[in-house]
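Here are some exercises to work through with the model open beside you. Try each task yourself before you read its solution.

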Amino acid sequence: MGSYDYVIVGTGIAGLYTALLAKEQGSVLVLTKGTIDDCNTKHAQGGIAASIGTNDSPQLHFQDTIAAGAGLCDPEAVRLLAEEAPDRITDLIEFGVPFDTIDGEVALTREAAHSVPRILHAGGDATGEHIEVTLSRRVHQSRIKVLEHCLVTEIMVEKGVVRGVRALDCRTGSIEEFNCRSLILATGGGGRLFKYTTNSEIATGDGVALAFQTGAEITDMEFFQFHPTALRLPGLTPYLISEAVRGEGGILRNVEGYRFMPDYASEKELAPRDTVARSIVYEMKKTQSDRVFLDVTHLPPHLITTRFPHIYRFCLDYGLDITKGLIPVAPAAHYMMGGVKTNTWGETNISGLFAAGEVACTGVHGANRLASNSLLEVLVFSKRIMQRTGEGTRRGAPGKNEQSYLLLQREAVAAPPLSLTALQALMWGKVGIIRSKETLEEAASILATWEKSLESASDRSSYELNNLVLTARLMIEAALIREESRGAHFRTDYPQPSPDWLKHIVFRKG
């Protein structure tokens, strides 16, 4: 029990950065269901985007982001993202993040769909880890109270205003209550919905499920990004092979050694992620294989070992020298573009409830996230949450071009028994990179049946499974409603984008 100005849920970059800003404005409690180090941030290899280069500008960054988002970005949110980026990078440098430099200037690399080099990186391909470690050290030094193994199970609301949270102490099984003025969800994404994912164990859609049950609006859930290139080795969980590897000249070949990307896109290997991921799926089907190859053997070995030391060493540990041999890769679930709907101040439709990072849907990513904009989004909008709570909250008007839905009630069907493995296989097979009405309907019926059979949760794994089932339902129902293909959402029965669908699907609890 206790009362705080701020309760922050999650300890990725969003939770830690927000906590460091919040401590300047009041008392702070950070809750995390695992330990402070369990998060997706530290898996972010590529880097963080900001227009600090000589031939770059916020306007160019804005244009690239809007183009990637396929008609669904919120232009105001994107403008803020691009304009505030350089200042937020300065914050990280002041916090002590060791960005890589060349001749004393911050080194910039290029990634897919960015028109110029604008990706800052640290430790070559260990950017997320460096940011996470730097911030968690800062949190530690500043004596911010962090409670580990504390899973938030309910948001307490009184007369439409957040009052605090209930949380399960995963070690003792007891339920604790914590009161607060402002509650900030920074719980990360939902990659664990899928059989193959680059996400860590924690990404179980907790924030989306919590917020939805509280009455918050959830939007853009049909847009989930699949990273085209995760290491595919037998018995190994997918390990991210950064986009930047293709940015530096890596080539994709099918198992027959054929370079296939020029057949699918004029930008070849640097096409947007959804295009590359789908192209790989088609090639795997064509060659009846579960993988394609990423080839960097034509690049200077020293470039690979200095720019991608982590990837190089990781592959070497499994007997693969990537300077000499091809890297087996396949797509894997990577990033949730949708989430808890916020305005440009990180506010939800519930007074006192904010969301930051991957759990939030700020409108900057639209239908497809531009590489390395996610770490940046955290910094820009967490800072804005703090600016807003410092001056008293006032929620904006409802968004334009959106349509609200309730979660459809469906009849129960004969379904296999629910387990995490069964859920992940179903989602990967029916709600993955390539979708259709038929596969989505089938998955929707099974999930609705599973939802009816859920028992009330008592420990971390049962809470997580319940959260995954609800998050999966929101994703599938949104994918069924959107009868078109756009960005990361692709349906074989509606393979083209439709001007009728230049709008957002928003769910709220009935």
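**Exercise 1. An aromatic pair**

Task: Find out whether Phe224 is buried or exposed, and then describe its ring pair with Phe194.

Solution. Step 1: Phe224 has a relative accessibility of 0%, so it counts as buried. Here buried means under 20% relative accessible area, exposed means over 50%, and partly exposed is in between (1.4 Å probe, protein chains only).

Step 1: Phe194 is buried as well, at 1% relative accessibility.

Step 2: A pair of aromatic rings is described by the distance of the centres and the angle of the planes. Rings of Phe, Tyr and Trp (its six-membered ring) pair if their centres lie within 6.5 Å; planes under 30 degrees apart count as stacked, over 60 as edge-to-face and the rest as tilted. The structure holds 11 aromatic pairs. In one of them, Phe194 and Phe224 are 5.2 Å apart, centre to centre, with 55 degrees between the planes, and the pair is tilted.

Step 3: Phe194 sits in the loop between β11 and α5 (206–214), while Phe224 belongs to strand β13 (residues 224–231), so the pair ties together parts that are 30 residues apart in sequence. Helices (H or I, at least four residues) and strands (E, at least two) are DSSP runs, numbered from the N terminus.

Step 4: Ring pairs link Phe194 and Phe224 with Tyr196, Phe226 and Trp428 into a cluster.

Before you go on, a word on the numbers: this is a predicted model, in which local features need pLDDT of at least 70 and side-chain atom pairs count only at pLDDT 80 or more, while totals for chains, interfaces and linings use all residues. Residues are numbered from 1 along each chain as its sequence is written, and side-chain values use heavy atoms, with hydrogens and water left out.

**Exercise 2. A glycine in a loop**

Task: Which residues is Gly432 in contact with, leaving aside its neighbours within four places in sequence?

Solution. Step 1: Locate Gly432 in the loop between α12 (420–430) and α13 (437–453).

Step 1: Check its cover: Gly432 has 2% relative accessibility and counts as buried.

Step 2: Look for contacts, meaning heavy atoms within 4.5 Å. With those sequence neighbours set aside, Gly432 touches Phe194, Phe226 and Met427.

Step 3: Compare sequence and space. Gly432 and Phe194 are 238 residues apart in sequence, and their C-alpha atoms are 7.9 Å apart.

**Exercise 3. Searching for disulfides**

Task: How many disulfides does a search of the whole structure find?

Solution. Step 1: A disulfide is a covalent bond between the sulfur atoms of two cysteines. The search looks for a pair of cysteine sulfur atoms within 2.5 Å.

Step 1: Take Cys73, whose closest cysteine sulfur is in Cys361, 9.8 Å away and too far for a bond.

Step 2: Cys73 is buried at 11% relative accessibility, and Cys361 is buried at 7%.

Step 3: The search of the whole structure gives 0 disulfides.

**Exercise 4. A covered helix and an open sheet**

Solution. Step 1: Helix α1 (residues 13–22) is mostly covered, with 10 of its 10 residues buried.

Step 1: These buried residues pack against several elements, including β1 (3–9), α3 (75–95) and α11 (373–390).

Step 2: Turn to the sheet, which is open and has 3 strands in the order β3-β7-β6 with antiparallel pairing. The edges belong to β3 (48–49) and β6 (108–109); each has a single partner strand, so one side of each is left without a neighbour in the sheet.

Step 3: Strands pair if DSSP finds at least two bridges between them. Between β3 and β7 (residues 119–120) there are 2 bridges, and Ile48 stands opposite Leu120 in β7.

**Exercise 5. The whole protein**

Task: What share of the 510 residues is buried?

Solution. Step 1: Count the elements: the protein has 14 helices and 22 strands.

Step 1: Buried residues make up 60% of the 510 residues.

Step 2: For the extent, the C-alpha trace spans about 60 × 60 × 45 Å along its principal axes.
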